[in-house]
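Please examine the entry before reading the solutions.

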Amino acid sequence: MASATPRYRFAPSPTGFFHVGGARTALYNWILALQNDGVFVLRVEDTDESRNHPQWTQGIVDALAWIGIDSSDRHFEGPYFQSAYAAEHVAAAEALVKSGHGYYCDLTTEQVQQRAKEKGLNGYDGYSRDRGLAPGPGHVLRFRVPEGQTVVRDVVRGDVEFANDTIEDFVLLRSNGSPVFLLANVVDDIAMNITHVVRAEEHLPNAPKQQMLWNALGATPPVWAHVPVLVNEQRKKLSKRRDKVAVEQYRQEGILPAAMVNYLMTLGWAPHGDTEIVPWSQIVEEFKLESVNHSPAFFDIKKLNAFNGEYIRLMSLDEFIAACQPIINSEQVPWPANRFDASVFKAMAPLVQTRVAVLSEVPALVDFLFMAEPMIDEAAFAKAFGAEWARPTLVEIATRFEKCAWTADSLKTEVEAVGTQHDVKLGKLQGPLRIAITGRSIGTPLFEPIELLGRDESLRRINSALQRANR
RNA sequence: GCCCCCAUCGUCUAGUGGCCUAGGACACCACCCUUUCAAGGUGGCGGCACGGGUUCGAAUCCCGUUGGGGGUGCCA
């Protein structure tokens, strides 16, 4: 038998943002498609056409592109929107009635619950199974769940057995005639020749129902794989309301796509060896669905940031500067655009590169160079000028700065000389100077930016700080 | 209620019966380096949920308990 091209479908719902959990599932599907020369099929899942906001679908495509899933690649197909197949969904339902797998029922939700309660059952009792009702207003179409058991062969979990009598005759068509998601999903998968369904574990309880539908529709069920969900610190499934889940947001804050991808891939799976920071090529080479974990993983932003810091430090200086551009040029930046100086930034870049975990931290390390006045941290200022040596030493530093050579090295030498005279270590002595120049008590090494700032402006800031301290 | 899944340091994981007095990473702590802060280096803290089996031998296999999570819609 000739083996067909494997087709992996990725089916996010159009919620207006792209979930990090979805990103990981997408990555799994994508890697599998690459490994097996298969196709990654993107189908946005919603049977309600009114929710097909093109910009949402585009947002998903963009987010996928950001993590390296390129819609122009030959392994990529789509995007499709589910409701485009609505007619086929209904046709499939009708076929199921003909073949005896479906039947109509006129009970309302309340009536179903009432009967279940009276009989001590869990769900629908099959009341209309043999009543031979015709389609009509108020009639839903239900699936006739057969006797026996359904075994879902799951690549990550092994065989999962469900006793069919614990599965009620579920609804296929609503009383208004519209297909439910479960049916639409299966019909689409069959129509698109999907061979592998790799999705989050929360869908596992639906798998037996879907598998029964595949069979009833005369198709061979796909290979199933239910991967563990991502959870928050409370061990609850990540949700938009409680947790930071939108990949767009991480992107905006300056998480590098490679770091995001690498981190995501260490959740529920691990590359060989003692290092977790590995190149994409190694991930593609080594990843195996079979070795994906069974238990939920906590999405740890701290660790993501640590990975990102690693990736930032792995970059060449030019790459780092290039990566900073979106942040540096964004409107969020505290300095006026016309004061920004690319050559100054370039000179600072090496000092900045080892000091940030995410790119959004970059502006705070260089902003004082591009602003007319540094933003003074009052608490830090008060503390730095609290020492009795603070003002006199800074006055001396200013005096020396007026005539010394204007290079970082000689600036440092001058400050050290003042320190020797007053018996204050450089580490402490630079405190008031740093506040005067940068407005903060921490930051990059000091003398390089002072050199960059120039003699006049540096002296002006020192004197301004001295005046402030005298108030 | 019913069904399903899960269980190794705080977190993410390695581990598929002897290589495990359980390895790595993040976080945390200490020290070194140092111009503050980082980065880097060195070291430290810290775990097989519990109880029964099976076996010469169990983190690894089986059963149970407990604990977590998910599903159970005429939502997707």
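**Exercise 1: the surroundings of the RNA**

Among the 60 residues around RNA strand B, those that come nearest are Arg174, Arg235, Gly268, Asp274 and Arg355; a residue is near if one of its heavy atoms lies within 4 Å of the strand. The model is predicted: local features require pLDDT of at least 70, side-chain atom pairs count only at pLDDT 80 or more, and totals for chains, interfaces and linings use all residues. Residues are numbered from 1 along each chain, chains are lettered from A, and side-chain values use heavy atoms, without hydrogens and water.

Solution. 
1. Sugar and phosphate make up 71% of the atoms of RNA strand B that come within 4 Å of the protein.

**Exercise 2: two helices**

Task: describe how the axes of α3 and α5 cross.

Solution. 
1. The axes of helix α3 (residues 86-98) and helix α5 (residues 181-191) come within 9 Å and cross at roughly 100 degrees; axes are lines fitted to C-alpha atoms over the stretch in contact, with angles from 0 to 180 degrees between N-to-C directions.
2. Therefore α3 is roughly perpendicular to α5, a term for angles of 65 to 115 degrees.
3. Glu88, His89, Ala92, Ala93 and Leu96 in α3 meet residues of α5 including Leu183 and Val187, where contact means heavy atoms within 4.5 Å.

Definitions and conventions:
Helices (H or I, at least four residues) and strands (E, at least two) are DSSP runs, numbered from the N terminus. Angles under 35 degrees count as roughly parallel, over 145 as roughly antiparallel, 65 to 115 as roughly perpendicular and the rest as oblique.
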